[in-house]
Amino acid sequence: MDLDGLKNQVGLFYEPRAVFIDIDFLDTLSKREWLNGYAEMIKHALLESVDAWSELTNATITDKAVIQQLLYRSVQFKSKIVTADASEKGLRKILNFGHTVGHALETFFLETDKPHLKHGEAVVAGMIVELFISETKLGFNPETSQKIIGFLHGFYPKLNLEKADFIRLIEIMKTDKKNRGSEYNFTLLTDIGKPVYDQSVLAPDIDTALKRYRMLE
Ligand SMILES: [Zn+2]
């Protein structure tokens, strides 16, 4: 829920008993809307395993049966995590991957005259920035991040950010309820399928990662 223009400040969640997905509904979506949702599936695959990631990246996403299989796996994965940690005290925080930076980008794009940014688009950029932080903090393999970024940019355009935007972006992250004092709470990856939550990151590390994002081709 959004409050005073800030993303995710108030949250109240109930778990569903079942999830029904009508695959034909996807036909009614614009490509941009479809990609908006697909971003979370990409995130789930990155969090789940090398196997899930290679299934997703090798899939023919124009094939409905293939999409159905990918969606099933994605929902299963999320359900497994959420069931294991219903009160969001631990494991469930891994689902925040890409979202600390992603939410800040969403808020930032709302408060400036930049074009409207969809949640999934913000999360894709957020995942890239957080992969860079994962490289610095946890030794995530840079070649692997290059491959992931190449895959992401095959679907999603890179966002236009100015160096001057970074101060405000980091300031917005400070208002996130997860972040305390001079430390920012991130979910990072040591490898594909190996997320770690409650990672303390300092502002200069975020700034460096944002600069790397800006320098991407
Ligand atoms: Zn999300």
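1. Confidence. The chain has a mean pLDDT of 90, and 93% of its residues reach 70 or more. pLDDT is the predictor's confidence in each residue, from 0 to 100. This is a predicted model, in which local features need pLDDT of at least 70, side-chain atom pairs count only at pLDDT 80 or more, and totals for chains, interfaces and linings use all residues. Residues are numbered from 1 along each chain as its sequence is written, and side-chain values use heavy atoms, with hydrogens and water left out. Confidence is lowest in helix 3 (residues 64-84), at a mean of 92, and highest in helix 5, at 98. Helices here are DSSP runs (H or I, at least four residues), numbered from the N terminus.

2. Zinc site. Which residues coordinate the zinc ion? They are Glu40 (OE), His99 (NE2) and His119 (NE2), at 2.0 to 2.1 Å. Donors are N, O and S atoms within 2.8 Å of the metal (3.2 Å for Na, K and Ca); water is not among the atoms, so sites may look incomplete. Along the chain, the donors follow the spacing E-x58-H-x19-H. The pair His99 and His119 links distant parts of the chain. His99 is in helix 4 (residues 99-111), His119 in helix 5 (residues 119-138), 20 residues apart.

3. Burial at the site. His99 counts as buried, at 7% relative accessibility. His119 has 24%, so His119 counts as partly exposed. The cut-offs are under 20% relative accessible area for buried, over 50% for exposed, and in between for partly exposed (1.4 Å probe, protein chains only).

4. Lys43. This residue lies in helix 1. Lys43 is buried because its relative accessibility is 3%. Leaving aside neighbours within four places in sequence, Lys43 is in contact (heavy atoms within 4.5 Å) with Leu95, Phe97, His99 and Met127. One of these, His99, also coordinates the zinc ion.

5. Helices 1 and 2. Helix 1 (residues 31-48) packs on helix 2 (residues 50-58) at about 145 degrees, with axes 6 Å apart. Axes are lines fitted to C-alpha atoms, for helices over the stretch in contact; angles run from 0 to 180 degrees between N-to-C directions. Tyr38, Met41, Ile42, Ala45, Leu46 and Glu48 of helix 1 meet Ala52, Trp53 and Leu56 of helix 2.

6. Helices 4 and 7. The axes of helix 4 and helix 7 (residues 165-175) come within 9 Å and cross at roughly 115 degrees. On helix 4, the contact residues include Thr100, Val101 and Phe108. On helix 7, Arg168 and Leu169 are among them.

Definitions and conventions
Helices (H or I, at least four residues) and strands (E, at least two) are DSSP runs, numbered from the N terminus.
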